[in-house]
Amino acid sequence: MNRTIMDLWVGIFVVAGLAAILVLALRVGNASSTFEVSDTYTIYGDFENIGGLKVRAPVKSAGVVVGRVASIRLNAETYKARVTLAVDRRYEFPTDTSASILTAGLLGEQYIGLESGADEENLRNGSVLRITQSAIVLEKLISQFLYNKAAEGSIE
Amino acid sequence: MFDALLAGLRHIGRSVIDGSWRLGYATRFLWLVLIRSGLSFSRFGLVIRKVYFSGVLSLIIILVSGLFVGMVLGLQGYETLVRYGSAEALGTLVALSLVRELGPVVSALLFASRAGSAITAEIGLMKATEQLSAMEVMAVDPLARVVGPHFWGAAISLPLLAAMFSAVGVFGGYLIGVVLIGVDAGAFWSQMQAAVDFRHDILNGVIKSVVFGFAVAAIATFEGYDAPPTAEGVSGATTRTVVTSALAILALDFVLTSFMFTGQ
């Protein structure tokens, strides 16, 4: 079978298609900087209220992404939300690290912020965070504010 | 009165039975094409020919449509986003809509009308002029010699075309958003990269286009193979290819989307 001009065009076509996928992956998507969950350790946190936290939300420390939320379940005994965090093995945190659910911007996505403590020992795979702070629920905040205002008014 | 009712019922019954018959025949046809595709692959030159005819020759329409769809997304997205003061999210909007939905779906629809109809017409005409029967007489299997290469040519081409559609579309959105309107280029790309996930968005988009490719290829080859051997029959089969493919693509898209992108 002889090589034809058609083979050349099909070759160019296939290369262009694969290049398009590569462009999508590297330029449009985050394959180049994706936080890969290959080398992580898991820690748990029990929260009173997770607000709008979602699976795969980032875990940040000092604003740097150090992990992802792996799963969220309701602990049927304590009626708290048990959040599983997959944290990069390169980063270790003291055992008295506190986790709080924060919001990026006014209406942005929610993420977990880790604030490291000062303990000598570090968290290990399977550790449970002792200090957690729930998400701020806007309705609760507003109703608290209104009650306070009403109380002030009645005193005057 | 009673007779008319009975005739109506009979008509419904017949079309249901015909439909099931055709569906079963189509499944058997598809199965035979798949298990004999080893023979088609052993003569890969034939498949390359068909990739040329259905893929390379569809490039122009796919690239131009992708560019314009991306540019329209850029314009419309900007108009809406700027009201909420978040024009920087334009990159995210353009990229996510293209990669997840518009890239695979629109390129599949275009592909079905550009290449699918051509496949149906070619196979249908070969059948009408008894070329397929002639092959059988010569102990050449028309499923492996004619239908298989067409099938695989289409199934290989569509995912590549869809990826190019999305990439060109993002570029079109960039042209309008950043170059023409003046959204900050850094925010455009960085927000896009932060929001578009490789596995969750891009790979799922590619999976969608692979599924659509197989669907269009199966429908186009079957309609051609099943076409009544008349001029009218071939034209009807060509029309049915486009209509059935479009419906199948949209229905499959709904099903795939509902378990790819929900519940996250």
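**Exercise 1. Determine what share of the contacts in chain B between residues at least 6 apart in sequence join residues at least 24 apart, and describe the chain's overall make-up.**

Solution. Among the contacts in chain B whose residues lie at least 6 apart in sequence, 86% join residues at least 24 apart; two residues are in contact if their C-beta atoms, placed from the backbone, lie within 7 Å. The structure is a predicted model, in which local features need pLDDT of at least 70 and side-chain atom pairs count only at pLDDT 80 or more, while totals for chains, interfaces and linings use all residues. Residues are numbered from 1 along each chain as its sequence is written, and chains are lettered from A and ligands numbered from 1 in the order in which they are written.

Next, consider the secondary structure. Chain B has 10 helices and zero strands, where helices (H or I, at least four residues) and strands (E, at least two) are DSSP runs numbered from the N terminus. Finally, 46% of the 264 residues of chain B count as buried, meaning that 20 or more other C-beta atoms, placed from the backbone, lie within 10 Å of the residue's own. The C-alpha trace of chain B spans about 65 × 60 × 35 Å along its principal axes.

**Exercise 2. Characterise the packing of helix α5 against helix α8 in chain B.**

Solution. Two packed helices are described by the angle between their axes and the distance between the axes.

Step 1: geometry. Helix α5 (residues 90–128) of chain B packs on helix α8 (residues 185–195) of chain B at an angle of about 50 degrees, and their axes are 7 Å apart. The axes are lines fitted to C-alpha atoms over the stretch in contact, and angles run from 0 to 180 degrees between N-to-C directions.

Step 2: class. α5(B) and α8(B) are therefore oblique to each other, since angles under 35 degrees count as roughly parallel, over 145 as roughly antiparallel, 65 to 115 as roughly perpendicular and the rest as oblique.

Step 3: residues. On the α5(B) side, B:Leu90, B:Gly91, B:Thr92, B:Ala95 and B:Leu96 take part; they meet B:Phe188, B:Trp189, B:Gln191, B:Met192 and B:Ala195 in α8(B). By class, the residues of this contact are seven nonpolar, three polar and no charged; Ala, Val, Leu, Ile, Met, Phe, Trp, Tyr, Cys and Pro count as nonpolar, Asp, Glu, Lys and Arg as charged, and the others, Gly among them, as polar.

**Exercise 3. Trace the pairing of strands β2, β3 and β4 in chain A.**

Solution. Begin with the chain: chain A contains two helices and eight strands, and 22% of its 156 residues are buried.

Step 1: β2 with β3. Strand β2 (residues 58–61) and strand β3 (residues 64–75) of chain A pair in the antiparallel sense over four bridges; pairing requires at least two DSSP bridges between the strands. A:Lys60 stands opposite A:Val65 in β3(A). The two strands form a hairpin with two residues between them, and A:Ala62 in the turn has a positive phi of about 55 degrees.

Step 2: β3 with β4. β3(A) runs antiparallel to strand β4 (residues 80–88) of chain A, joined by eight bridges. A:Ile72 has A:Val83 in β4(A) as its bridge partner. Four residues separate β3(A) from β4(A) in this hairpin, with a positive phi of about 55 degrees at A:Tyr79 in the turn.

Notes:
Buried ≥ 20, exposed ≤ 12 C-beta atoms within 10 Å, placed from the backbone.
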